[in-house]
Each structure stands twice: as structure tokens, then as C-alpha cells.
Amino acid sequence: MRTVITRILVPTDFSRPSEQALAYARSLAQRFGASLHLLHVVNRPLLAEGLAAEAFIDESSDMVEVAQQRLRKQAPDAASANVVFGYAAKSIVQHASQLGVDLIVMGSHGRTGIAHILLGSVAEAVVRTAPCPVLTVRDPVKAP
């Protein structure tokens, strides 16, 4: 069975693991002749608490433009670069479904213990719910 990869989604939070994931995704895209699609999610943790996020995050602010500029700077070769508001894992999975991507390549902070319990793992949630394979890339500096 031969796997065909034509579209690769790279969610980024602009962290070092995300940069590593983008480099890996670029290499895969070049090898398979696939297009790269970047996504940045502005997380809305306040919604989980039942508060009106609009009171805290102004979606019309320049947050989107700043993130778009960072995405374009990071990957001017990307076929698309989008910024959305929402829950990170859910937004990534929805975006992957909408684009019909064949692979998600994303960084993982590799949190363990109490940090993992308190902050959760976006990568773990994406792996569990994604419509396609997910390749997670850890920061080699933090790897054991």
C-alpha cells in the first residue's frame, strides 16, 4: 500500500517545537510534492469557564494580523496560512477536516507530570481525534 501525501497541515504556536515541526513538514512536503498549510489558533480558555470571551479577546484587534505576519514570515512558501479563534485541538482537527489534509505535523512540548495535568496536551488530543495521521515532533533540546 502506497500512501499519498498531497496536503500537510502544520499547526503552530510559534514555539521552538513548532519550528522543528515546520522544518520536518517542509522536508516531507518537498519529498512528496505536497503543499504546506499553516494554522495558528488563538486559544479561548475563558470560554471553558462560561465567561464571555468577547469581553477579554477582541477578535477585531490586530492579534490576527500580527499572527498572520508571523505565519507569512515563518513560511512564505505555504499554500495557506490561517489564524482562528477557538480551542486549539478542536480547531486543528476541524481545519484538517475542512482542508482534507493527508498529514498533520505538529510540535509537542513533551510536558509530563503536573504540567501535563494542568495544561493538557494539544498534541495528544489531536492524535486521538484527527481525521488523518499525526506526526508529533519534540524539541530535541528537551528530549531525554
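Trainee: In which sense do S1 and strand S2 pair, and over how many bridges?
Mentor: Happy to start there; keep in mind that this is a predicted model. S1 covers residues 7-11 and S2 covers residues 35-43. Within this pairing, Leu 9 stands opposite His 37 of S2. The two strands pair in the parallel sense, over 5 bridges.

Trainee: What is the handedness of the β-α-β crossover from S1 to S2?
Mentor: Follow the chain as it leaves S1: the path goes through helix H1, residues 16-32, and then reaches S2. This β-α-β crossover is right-handed.

Trainee: Which residue in S4 is the bridge partner of Ile 8?
Mentor: S4 spans residues 103-108, and S1 pairs with S4 in the parallel sense over 2 bridges. The bridge partner of Ile 8 in S4 is Leu 103.

Trainee: How many of the 5 residues in S1 are buried?
Mentor: Strand S1 pairs with S2 and also with S4. S1 is mostly covered, and its buried residues number 4 of 5.

Trainee: What is the phi of Phe 14?
Mentor: Most residues other than glycine have a negative phi. Phe 14 is not a glycine, yet its phi is positive, at about 70°.

Trainee: Which residue lies over the face of Phe 14?
Mentor: Nice one to finish on. The structure holds 0 aromatic pairs, so look for a charge over the ring instead, with a cut-off of within 6 Å of the ring centre. At 4.1 Å from the ring centre of Phe 14, the residue over its face is Arg 70.

Conventions
Residues are numbered from 1 along each chain as its sequence is written. This is a predicted model: local features need pLDDT of at least 70, side-chain atom pairs count only at pLDDT 80 or more; totals for chains, interfaces and linings use all residues. Side-chain values use heavy atoms; hydrogens and water are left out. Buried means under 20% relative accessible area, exposed over 50%, partly exposed in between (1.4 Å probe, protein chains only). Two strands pair if DSSP finds at least two bridges between them. A crossover is right-handed if, with the strands pointing away from the viewer, the path from the first strand over the helix to the second runs clockwise. Rings of Phe, Tyr and Trp (its six-membered ring) pair if their centres lie within 6.5 Å; planes under 30 degrees apart count as stacked, over 60 as edge-to-face and the rest as tilted. A charge sits over a ring if NZ of Lys or CZ of Arg is within 6 Å of the ring centre and within 35 degrees of the ring normal.
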